[in-house]
Amino acid sequence: MTLSLLARVVLGALLLLIASPASAFCGFYVARADTDLFNQASKVVMVRDGNRTVLTMANDYRGAADEFALVIPVPTVLERDQIHVTEAALIDHLDAYTAPRLVEYFDENPCQVDLRRRSIRPVSEALSIEERADSPRRQELGVTIEARYTVGEYDILILSAKESRGLMTWLDENDYRLPSGARRVLDSYIKQGLKFFVARVDLAARARLGYAYLRPLQVAYESPRFMLPIRLGTVNANGPQELFVFALTRTGRVETTNYRTVALPTDVEIPTFVKTDFASFYQALFDRQVTANKMKTVFLEYAWDMAWCDPCAADPLSNAQLRELGVFWLPEQTHTRRSATPQDVFVTRLHLRYTGETFPDDLRFHETGNRSNVQGRYVLRHPWTGPGECAAAYDYHRRLEQRRLEEAKTLAWLTNWPLDDIHQRMGTVPSTTDDRPWWKKIWGRR
């Protein structure tokens, strides 16, 4: 049996779509980097306002459905109505809306109009358990079943425990196989007074409902702790894991307080051939940033008001969709997705790659109040190839050559791809100018 703190959903292939121009954007949206680009990827949506939290977890499992189980520390005993199931399409939509994107522009005839130049700058930095043990056995082990529910296709228990050994023994006797390394993690949660949300698939209910997949689980609770427990999921992981956190708040951007939160490089011009290789490009970009930060950083991929986007990699979510995800402060009546009234929802997309060694503590968050916009956005600028005989055309082609050389350097810096290979794919000639600092030229250092 495979247990993980957050289960994973694998989406379809990378979509390559061409959208019509947006009035404010004046370009073309080409492609997006959804979470399916990354293996072992978990997705969780966190709705937070005050002490109220709604957590949505995309569930995946390996093996048969009857082997699926989920164990999550929660701050309080949950009532039946605090647990819900929803559709995976909602998380897929939010993923697509916030995904890093590739956009393109086309240069105009330099002889007809002045070349429009944009300033592109990189950012700085219930469980129907047939219990094998009776109540005296649970008391002996110090385990209490605080609540028991059936929600959709899930059987759910809320457990409390006095010590980790007893909890692990009880879970093992009831066919929950946690690895031995989980005891230390469980013990820390027990000392914090946390309860344990335990879910297993009710196969009869799933067959009756007709679902061929596991729908995402949702829990709603109140706690001053704005955190996400990730340590239990690293105990038996066979390598680094990817985690995407989509935070929906009223006040603004969400960041981690116990790890660095860094915005990824964005708003840079790259060679046009990346249009057909965007997946490899973004994977290489993220790999390079993870390596440079020693896999100890949370990366910001998107931060924006839900009422609009520019460019839109997918439509903003409607009020009805947001309420289904747990945005409880929105009115119950639905509005059109482009209502003139702001939806009062700010979305933050965070991405991290982690192991138990590089992220030894659970993620703790805070709302910053910062509502400035951030998006992973990478620009393709197609050169003018039509006729043109004028002074402006001559100047344009001179600057175009330098621009393409800069695009090659930028791509090499973002991805660590060999510069010579990039020039070969671009059909450009590398610059022979030695622009190293003078002191590196003295002893032949690179």
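Start at Lys294: its relative accessibility is 64%, so Lys294 counts as exposed (exposed means over 50% relative accessible area, buried under 20%, partly exposed in between, with a 1.4 Å probe and protein chains only). Lys294 sits in the loop between helix 6 and strand 17. Its phi is near 55°, a positive value in a residue other than glycine.

This is a predicted model: local features need pLDDT of at least 70, side-chain atom pairs count only at pLDDT 80 or more, and totals for chains, interfaces and linings use all residues. Residues are numbered from 1 along each chain as its sequence is written, and side-chain values use heavy atoms, leaving out hydrogens and water. Helices (H or I, at least four residues) and strands (E, at least two) are DSSP runs, numbered from the N terminus.

**Helix 6 and helix 8**

Select helix 6, residues 278–292, together with helix 8. Their axes come within 7 Å and cross at roughly 60°. Axes are lines fitted to C-alpha atoms, for helices over the stretch in contact, and angles run from 0 to 180 degrees between N-to-C directions. The pair is therefore oblique (under 35 degrees is roughly parallel, over 145 roughly antiparallel, 65 to 115 roughly perpendicular, the rest oblique). Show Phe281, Ala284, Leu285 and Arg288 of helix 6; they make the contact with Leu411, Trp413, Leu414 and Thr415 of helix 8. Contact means heavy atoms within 4.5 Å.

**Helix 8 and helix 9**

Move on to helix 8 (residues 391–415) and helix 9 (residues 419–426), whose axes come within 9 Å and cross at roughly 135°. These two are therefore oblique as well. On the helix 9 side, pick Leu419, Ile422, His423 and Met426. On helix 8, the contact residues include Arg404, Leu405 and Leu411.

**The core**

Now centre on Phe281. Leaving aside neighbours within four places in sequence, Phe281 is in contact with Ile270, Val274, Tyr378, Leu411, Leu414, Thr415 and Trp417. Which residues have the most contacts inside the largest nonpolar core? They are Leu248, Ile270, Phe278, Phe281, Tyr282, Met306 and Tyr378, in a core of 53 residues. A nonpolar core is a set of buried Ala, Val, Leu, Ile, Met, Phe, Trp, Tyr and Cys residues joined through side-chain atoms within 4.5 Å. Helix 6 gives the most to this core, with 6 residues.

Go to Pro311, in the loop between strand 17 and helix 7 (319–324). A cis peptide bond joins Asp310 and Pro311, with omega about -5°. Finish at Asp267, between strand 15 (260–263) and strand 16 (268–269). At 26% relative accessibility, Asp267 counts as partly exposed.
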